[in-house]
Structures are given as C-alpha cells and as structure tokens.
Amino acid sequence: MVGTRSSLIPEAAQAAKAVAVRAVDVHKRFGRLHVLKGVDLEVGRGDSICVIGPSGSGKSTFLRCVNHLEKIDGGRIEVNGHLIGYRERGGKLVEDSEKNIARQRAEIGMVFQRFNLFPHKTALGNVIEAPIRVRGVSEKLAVKTGEELLARVGLADKRDVYPGKLSGGQQQRVAIARALAMNPALMLFDEPTSALDPEMIGEVLEVMKALAREGMTMIVVTHEMGFAREAADRVAMMDDGRIIEEGTPEHFFLAPVEERTKQFLSKIL
Amino acid sequence: MLGAVDWHIVWERLFHPDDVFLRALWTTVYIAVSAQVLGVLLGLVAALMRRSKLSFLRVLSGAYVLLFRGTPLLVQIFFVYFGVNLLFGFTLIPTTLHLGLFDLDGAVFAGILALGLNEGAYMREIIRAGIDAIDKGQMEAARSLGMTERLAMRRIVLPQASRVIVPPLGNEFNAMLKNTSLVFTIGVYEMFADAEIHYSTSFQPVEYFGAVAVWYLVLTTVWTAIQAQIERKLAASERGDEPSFRERLFDAWSPKTAWWARGAR
C-alpha cells in the first residue's frame, strides 16, 4: 500500500525516540471521493515534520484528521499513545463522546490558513478565551500567560487591538499564541503562510522556527520550502492520498528518490 | 372635506390622553415586548434544534416553522385563546393568570403566547441565517481549542451572529408593535381596542382611528431611532475602532471615566 519509505534515520534510533503521533493506514472519503488512501506516518516527540505535496493530495485533510476535525473512515491515529476520536469497543472502533474528543483537541494546537481569529475579541481576548472557558484557569493567570505569549510572538503592544486592525502576519502570530495558550503537546499548522502577503511570511516563519527549536512537536503542511529546509527534522511528500516519500530535508533537497517528488520539487524550488 | 373633522377630538387624543388610553398604550407596549422576547427565545431554540444530530428535533423545528408561518396570525390568536384549553383537555389559558407580583388577564396571556409563537417561526429563520453567515472556520477554531459545540456556539458563534441578527430583528419588532392590534379581537384592551370603543359610540372614525394611527407611528418611530442607535454601535465595535456597547456602558458608570469625573471639557 505505502510507497517507498526511505527514512535516513536508522530503525534502532527511531524506536528509541518516543512517538508523539502515529497514523496507521488512515483512510478518508468525501462521498465517492477517496481522499486519503492509507496514510502511514510517525512523528517523534519534539520533531517537526513538514508535509508537502500538490494541492488535492490530501495534506490538509490528513492534518484535520489528526485532531478529529474530520472523521476517518479507516485506520487509526494516536497522539502520545491515545487513540484520537475513537474508542475501542469489542475490537471495533466507535466514535468517542464529544466531551472526550474536545478534551483531546485541547491538547493539540491548530493554526489555520485563514487565521480564524475571533473578530469580536481583542488579541488578548482571543488568547485567554480557551484557557478560561475550557481549562477553567483563573482570569488573572490566563491574562498573565496570555501577555507572555503575545510578547513571545512579538505582539505585546497589540494586546487590546481587535483582529480587524491587525495585518495578516500579526493575526497569524496571534493565532499561534492562541493555540500555545492551551499548552499543547502537538501543534498542527495548516498552510499557515499561504494567505499572507510575501513580506509578512517571514515574521510568521520566525515564530514557527523558534517553536521548532524549543522542541515543540509540529506537523506543518506548507509550500514554504525555506521552513522545510531550515527548521524541519523531516519532510513527507504526499501525493494522491498517500505519503510516497519521507526523509530528512537534506534527503529531499539533495537526493529525492521518487519521480513524482522530483517533479514536484522542480516546480516549486 | 377636512372641515368635517372634529380637530378638537384629535388634539385631545394626541396631547391630553386619558388614563384609560395610557393603560391601553402600556398594554400594547408590554404585549409587544413580551411576545418579541418569547419569539426570540423560541426562534433560538428552534434554530439550535435544526442543527441537532437528532432527526426528530430537526423535524419538529421544521414543522413548527411550516405551521406558524403557513397559517394566518389571526387564526393562531383565536386558536390559542379559544381552542388550546379544549385541545389539551386542561386549562392552559386561565381566565386570570396569577403571577405573584401582578395578575395577567387570560386574553392578554393568550395574545402574548400566540404572537410569540408566530414570531418564533420567523425568528428561527433570522437566527439560522445569522448563524450560517458566520464563517465555518470560527467553529473549527473554537473546537480545535477544545471547546464543545455548545460552548463554541455560546461564546464564539452566537455573539458574532447577533450582529447579523439585530437589523432584521428590529424590523420584526416594528411589525410586532403593529400586530398587537390584532389581539383586540379576543377582548384585550390595548390601543386599538380603545380607539374602536370610542368610534363605536361616537361614529367618528377619522378622529379616533386617525389619532390611534399617529400613536402607532410614534411607537414605531421611537423604536426606529433606538434601532439605528443599536446598529451604529454594533457596526462601530465590529470595526474595532470604537469601544463596544458594553464597554461604553461600563465607561459611563465607572467612577474613573464617567463624565462627572472627567471634569470640564
């Protein structure tokens, strides 16, 4: 099912590293359209992995399956050893309760292409909403943490500004702070720079690179090869609902194996 | 032609209203407000039911709209007042409703109920459209942060939808103010009933109906002004360049920022 997997990390080293995300033979259909045709992926704890591939290859859909924004039709996804979105009952997988799924999502941060900030709340209001309402953190503590996070993404002075008054790059940085406020074990980035003007991409990538350096486990769907080259530990190439090649950035940029990967990279580099 | 009008009566009706009329005016206003509040609540419940995973709730919500939008309001008023007790076999609409602080006339209660039920069907559509107008990414972002659908609806989607809902809601309340006149038919003594009684003893339709029309115009005009003010504030806080309505309210009463503390300007 799975195409050639040419990871350069030796098997033994892989086994030694704790696995943060394990996806096994994940299938997803939208009606008659078979979008994911058996995705297998492992992400080690503290690793950041870039998922690249042509549009329509299922990258975003796969990412949305990891926090169960999309149900899956086959296979399984585990994050830190916990099955996502489903429970095993009598050898079968049944969808988990809404409450349990919400609890799992609270541990997984997500950053969207279109930011999706809450327009009726200030930058700080966006950041403190979930800690207060979902985790029950006191407002005082949430504000303190929220201000620290805004400072970390370089927006301390924008705490009382509404998203409508922020540039795209600033909005995306607030969105990253908002996700980090839940202190997630894993961060998912769904084409975080695709909706940005070119001159704003850099500021968002800087924040993401810093996160990767600090050891955050990240799955990044992106067309930004700069990020893949500088900050990713591994790169996975998706095509037609499968991961067809996987390896270190060096492997990808120096010696890709699959013909499809070579084609794709030659077009975007 | 105009010479036949007794202008003195019109003048008196408009500028020296008697206590009976003022009570009738008050009745009109509180029926309209109560029925509108009921309508908004029913509309909200029905709009949320429509989004439910349970199919019978969705069917119930659809049937409600079909029934109450598809039949005349006047028929609904008569049905509730005369028919409901017989239909259910017990007294749902009493002659007088004792509410502790005050008593509510049974006909007024039936009127509020019928107007509110009817309004709820229209409000469901308005609220549904408001919720649909909010980008799907808002709900996804909220859920990705660990919110349940219910919490996300309450904290993220509905506050934004309210900006979309308020303008048509204002129009609905304008219509409601005028539709209250229909409950005169089940014996509620509101503004129109007062005009009708005067007419039936004096046979001066131009004076009495003309004057009451002006009173309805006053109510709807006052409401239009209030609505414009609300919409202006909502639009301003949406743009983020002005404090929100709540913040203004807070500022107005806060000892630090209130006008009396700011000193001479």
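Contact means heavy atoms within 4.5 Å. The model is predicted: local features need pLDDT of at least 70, and side-chain atom pairs count only at pLDDT 80 or more. Residues are numbered from 1 along each chain as its sequence is written.

**Exercise 1.** Describe how α5(B) meets α7(B).

Step 1. Identify the helices, which are DSSP runs (H or I, at least four residues) numbered from the N terminus. Here they are α5 (residues 106-133) and α7 (residues 149-179) of chain B.

Step 2. Take the axes, lines fitted to C-alpha atoms over the stretch in contact, with angles from 0 to 180 degrees between N-to-C directions. The two axes come within 8 Å and cross at roughly 140 degrees. The helices are therefore oblique (angles under 35 degrees count as roughly parallel, over 145 as roughly antiparallel, 65 to 115 as roughly perpendicular and the rest as oblique).

Step 3. List contact residues. On α5(B) they include B:L115, B:Y122 and B:I126; on α7(B), B:V157, B:A161 and B:L169 are among them. The contact residues comprise 16 nonpolar, two polar and two charged (Asp, Glu, Lys and Arg count as charged; Ala, Val, Leu, Ile, Met, Phe, Trp, Tyr, Cys and Pro as nonpolar; the others, Gly among them, as polar).

**Exercise 2.** Is A:M182 buried or exposed, and which residues does A:M182 contact?

Step 1. A:M182 lies in the loop between α6 (168-180) and β9 (186-190) of chain A.

Step 2. Its relative accessibility is 2%, so A:M182 counts as buried (under 20% relative accessible area; exposed is over 50%, partly exposed in between, with a 1.4 Å probe and protein chains only).

Step 3. Leaving aside neighbours within four places in sequence, A:M182 contacts A:A106, A:A130, A:P131, A:V134, A:R135 and B:L145.

Definitions and conventions:
Chains lettered and ligands numbered in written order. Heavy atoms only, no water. Helix = DSSP H or I, 4+ residues; strand = E, 2+ residues; numbered from the N terminus.
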